[in-house]
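Please keep the sequence and the coordinates in view while reading.

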Amino acid sequence: SSEGIGVKWMQLWEEKLREQMEARAEGKAEGISEGEKIQTIRQTRKKIIKNMDPEAIADALEDEIDHILPIYETIKANPDLSDEEVYQIIYTDKPHL
């Protein structure tokens, strides 16, 4: 019956809408996470310029040395990279260089 088809269509539409909302929320969370990581990279770079070692940087930023060390090493080895490029190298599979 056309009523059954209408109900089925409405259920599919609601499911699709729910999937879109979940995907949007996930994307927003990833964006916040990326922004926070880039901010940590930026702050780490400033501390490196002040000749701070990784342990002192982790302490100053109230972060774990395991989070700071890859950033520190990447910036020291590649000082001309932008914060976004450092992020790509550390946190993604495909660096954009």
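In which helix is Glu 22 found? Glu 22 is found in helix H1, where helices (H or I, at least four residues) and strands (E, at least two) are DSSP runs numbered from the N terminus. The model is a predicted one, in which local features need pLDDT of at least 70 and side-chain atom pairs count only at pLDDT 80 or more, while totals for chains, interfaces and linings use all residues. Residues are numbered from 1 along each chain as its sequence is written, and side-chain values use heavy atoms, with hydrogens and water left out.

The protein has four helices and zero strands, in the order α-α-α-α along the sequence. The C-alpha trace spans about 75 × 30 × 15 Å along its principal axes. The radius of gyration is 22 Å, whereas a compact globule of 97 residues would have one near 13 Å; the radius is taken over C-alpha atoms, and the globule rule is 2.2 Å times the number of residues to the power 0.38. Of the 97 residues, 20% are buried. Buried means under 20% relative accessible area, exposed over 50%, and partly exposed in between (1.4 Å probe, protein chains only).

Two surface patches can be described next. Patches are made of residues with over 30% relative accessible area and no salt bridge, with like charges joined within 9 Å and nonpolar side chains (Val, Leu, Ile, Met, Phe, Trp, Tyr) within 5 Å. A salt bridge is a side-chain nitrogen of Lys or Arg within 4 Å of a carboxyl oxygen of Asp or Glu. Accessible areas come from the Shrake-Rupley method with a 1.4 Å probe.

The negative patch consists of Glu 15, Glu 19, Glu 22, Glu 26, Glu 30, Glu 34 and Glu 84. Asp and Glu count as negative, and the charge of Glu is placed at CD. Helix H1 (residues 2-49) gives the most to this patch, with six residues.

The nonpolar patch is formed by Trp 9, Met 10, Trp 13, Leu 17 and Met 21, which together have about 550 Å² of accessible area. Trp 13 is found in helix H1 and is partly exposed, at a relative accessible area of 44%.

Most residues other than glycine have a negative phi. Asn 51, in the loop between H1 and helix H2 (54-60), has a positive phi of about 60° and is exposed at 71% relative accessible area. Glu 62 lies in the loop between H2 and helix H3 (65-77); its phi is positive, about 55°, and at 75% relative accessibility Glu 62 counts as exposed.
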